[in-house]
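Subject: Structure handover

Hello,

Here is the structure that I said I would pass on. Please load it first and read the notes with it open.

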Amino acid sequence: MSFETDISRIEEIAQKLNASDTSLEESIALFEEGMRLAKALEKALAEAKRSVEIVLGEDPREAEITPL
Amino acid sequence: MDNLLQTELSVSELTGLIKQTLEQGFYGLKVSGEISNFRPSSTGHWFFTLKDASCSISAVMFKGSTWKVDFAPQEGDKVIVTGGLDVYGARGTYQLKCDSMEKAGFGQILAMLEMRKRQYAALGYFDEKNKKPIPKRPLRVGVVTSPTGAALQDILNILQRRAPSVDVLVLPATVQGESAAPSIANRIQQANNLLLCDVLIVGRGGGSIEDLLPFSEECVIKAIHESQIPIVSAVGHEIDWALSDFVADLRAPTPSAAAELVSQGYLDSRNQVGNLRTQLLKSMESRLALAESKLKRFDTKAMGMRIKNIINTKEYLLANATNNIVTAQNQLLKSYSGRAELAIRELQALSPLAILARGYAVVQNQEGRLVASKEQAVPGSLLTLTFTDGCRKTLVKE
């Protein structure tokens, strides 16, 4: 999944929801898809799952990395 | 003044003369010396002594001027102050009233930095076209700084708050003293050789101009210039600067600000997603409202009324039709019964019984054959006479 493609998909969905030629059934399906994408993106952006590490060695050609 | 020797002066008059002479004669001075006995007052004024090898002079710097000084004076600091003499009559003392203060040697350092800046600018190191864009949402942020400094803690805290999914790699460097510049440059090269991160913050917290000098050293300037990884320079406080600020792809006023800059994309994206979500909700709501208003025209009560009307109409038609059929049937029956009566009457007129009723009788012999002549009625034979109401037997005599 790419953030950009997901964002533009949600934008597309928002546009379709506003269009009058979209049927109600279609609207509901689109809405559900959009909300699902938005929630997944929000989760990916806000989820705390980072690692903090530190480089030990001074040799510029190799690095020993360990959690800080 | 001429007759000063003949005049008897009060202490105040003498002090007034001294004050006038000293204050009007000694102003706009530039004095260098070493700070000692530094006593900042709770009201914001600074009291201290300025001295050199053999002499000392009391000095004061009032609150209105101290805020302009960009360092906290320490005991033993060599400084250059500007100002004039000030006489405090109540104690009969004089002091140096300072308007500005800078560290001695500051001027030379600035001049050196300016020269180096021009030199690298001429080489094109600071050109805008060389600036690499900072990735909007870096997955891994490298930080070249002191592992024990407050700057690192600030960066970690801000990244944790604004972009908690982003990995951080600390590349510990010495940021002060002789070994600092090579240490910083080495870490920048290491990050590049091994492509350890998407963006690199290079910096430290605030300090004196000497403290920040490593970030203006040539090896650091070159390392930043050659870096393939975009670099954010974050040296000292807002007012501080180093040549790393000019050569880096982005200058942040402080390490905290650098953390904010590299995480801004995440914040923007979160806002964008939030806004889109609200937009989806609003669109869906208005869509549903529209559907609801369409549906309202078909509410059950109105629907019931309409169906009832239709049924009523049909019922009426049905009743009407039934009525018509019954009438038609009746008429049909009537016409049939009239014809039947007529036929019956005709039949009755033709009936032999009717003839019998008028006094005639049917004569039959023993075999049941009709006897229609006197020849057939042989005397002595037995005949049957049938009347309208029954039969009699008769014997023919002659």
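Some conventions first. This is a predicted model, so to speak of local features pLDDT must be at least 70 and side-chain atom pairs count only at pLDDT 80 or more, while totals for chains, interfaces and linings use all residues. Residues are numbered from 1 along each chain as its sequence is written, and chains are lettered from A and ligands numbered from 1 in the order in which they are written.

The two chains

Chain A holds two helices and two strands, in the order α-α-β-β from the N terminus on. Helices (H or I, at least four residues) and strands (E, at least two) are DSSP runs, numbered from the N terminus. Of the 68 residues in chain A, 21% are buried. A residue is called buried if 20 or more other C-beta atoms lie within 10 Å of its own, exposed if 12 or fewer do, and partly exposed in between, with C-beta atoms placed from the backbone.

Chain B has 11 helices and 13 strands. Here 23% of the 398 residues count as buried. Taking contacts between residues at least 6 apart in sequence, 61% of those in chain B join residues at least 24 apart; for chain A the figure is 23%. Two residues are in contact if their C-beta atoms, placed from the backbone, lie within 7 Å.

Where the chains meet

On the chain B side, 31 residues are in contact with 34 residues of chain A. Strand 7 (167-172), helix 5 (180-193) and helix 9 (255-296) of chain B are the elements that give two or more residues to this side. Helix 9 of chain B gives the most, with 13 residues. By class, the chain B side has 17 nonpolar, nine polar and five charged residues. In this count Ala, Val, Leu, Ile, Met, Phe, Trp, Tyr, Cys and Pro are nonpolar, Asp, Glu, Lys and Arg are charged, and the others, Gly among them, are polar.

Strand pairing also crosses between the chains: strand 1 (residues 52-55) of chain A and strand 7 of chain B pair in the parallel sense over three bridges. Two strands pair if DSSP finds at least two bridges between them. Within this pair, Glu53(A) has Leu169(B) as its bridge partner.

Helix 2 (residues 24-46) of chain A has 23 residues and reaches 32 Å from its first C-alpha to its last, close to the 33 Å expected. The expected span is 1.5 Å times one less than the number of residues. Its buried residues include Leu30(A), Phe31(A), Gly34(A) and Leu41(A). Among the elements that cover the buried residues of helix 2 of chain A are helix 1 (3-18) of chain A and helix 9 of chain B.

Parallel strands in chain B

Strand 7 of chain B also pairs within its own chain, running parallel to strand 6 (residues 140-145) of chain B over six bridges. Thr145(B) stands opposite Pro172(B) there. Five of the six residues of strand 6 of chain B are buried.

On to strand 8 (residues 199-204) of chain B, which is joined to strand 6 of chain B by four bridges and runs parallel to it. The bridge partners include Val141(B) with Val199(B) and Val143(B) with Ile201(B). Strand 8 of chain B also runs parallel to strand 9 (residues 231-235) of chain B, with five bridges, and Ile201(B) stands opposite Val232(B).

Six of the six residues of strand 8 of chain B are buried, so this strand is largely enclosed by the rest of the structure. Val199(B), Ile201(B) and Gly203(B) are buried on one side, and Leu200(B), Val202(B) and Arg204(B) on the other.

Two further places in chain B

Gly33(B) lies in strand 1 (residues 29-40) of chain B and is buried, with 21 other C-beta atoms within 10 Å. Leaving aside neighbours within four places in sequence, Gly33(B) is in contact with Leu50(B), Lys51(B), Asp52(B) and Val79(B).

Regards
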